[in-house]
Amino acid sequence: MDKKAELLKLIPEQGILPLYFNKDEQTSIELLHALYAAGIRTVEYTNRGEAALKNFATLRKVCDTELKGMYLGIGTIKDGETAQKFIDAGCDYIISPGLVEDVVPVADKANMLWFPGCMTPTEIIKAEKLGAKVIKLFPGNMLGPSFLSGIKELFPNLLFMPTGGVDMTKESIGGWFKAGVCAVGMGSKLITKEVMEKKQYAELTAATKEAIAIVNASR
């Protein structure tokens, strides 16, 4: 099984995709360890600061030497040039906040999975024609589960994952899974500002286990 196939199996099995950025390298490492301890085996690190590329390269080394089986994706990729930098740094897949067409040939050349951000049927149709397998519904809080319920039958060959506004509740997570998502992206509602600032890593591990349990109960 190649890496793309492995990820297309792993992400739906995991059910949540934690995502975060922290400018401090050591904090980024410790957050990754806390997520791994909860059973997470793939994480999206977001390209949201000057330190992102340097931190990502360090996290790649940590995954390879300390966290067996951990796949590391890069998010907030808005152009092909940046995508190539993170491919060179060892990313396993690429996530964009929108439908960024010049990322596609760069990812395809590396035989890499890419997730475009979409919020209209037109964008989803275009993404599917470009070869997308997973659609990031973004921002999820503006679209809501009812949007996916209304369009999902039109796209039987695509997987959907909302990001933005997915709450740590049975109602929120359960509503999305009832609508037919394969997983939910979870950023600041899971890896909160307080968790990062106060280094509440045990609390993060516990919250992540709780989120996984909610997902499993919602399937």
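Of the contacts (heavy atoms within 4.5 Å) in the protein between residues at least 6 apart in sequence, 61% join residues at least 24 apart. This is a predicted model, in which local features need pLDDT of at least 70 and side-chain atom pairs count only at pLDDT 80 or more, while totals for chains, interfaces and linings use all residues. Residues are numbered from 1 along each chain as its sequence is written, and side-chain values use heavy atoms, with hydrogens and water left out.

The protein has 10 helices and 9 strands, taken as DSSP runs (H or I, at least four residues, for helices; E, at least two, for strands) and numbered from the N terminus. Its radius of gyration, over C-alpha atoms, is close to the value of the globule rule (2.2 Å times the number of residues to the power 0.38), so the protein is as compact as a globular protein of that length.

| Property of the protein | Value |
|---|---|
| Radius of gyration | 16 Å |
| Span of the C-alpha trace along its principal axes | about 45 × 40 × 30 Å |

Buried residues (under 20% relative accessible area, 1.4 Å probe, protein chains only) make up 53% of the 219 residues.

Helix α2 covers residues 25-37 and reaches 19 Å from its first C-alpha to its last. The expected span is 18 Å for its 13 residues, at 1.5 Å times one less than the number of residues. Buried residues of α2 include Ile-29, Leu-32 and Tyr-36. The buried residues of this helix pack against strands β1 (16-20), β2 (42-46) and β3 (71-75), and against helices α3 (52-65), α9 (193-197) and α10 (201-218).

Methods
Buried < 20%, exposed > 50% of the residue type's maximum accessible area, 1.4 Å probe, protein only.
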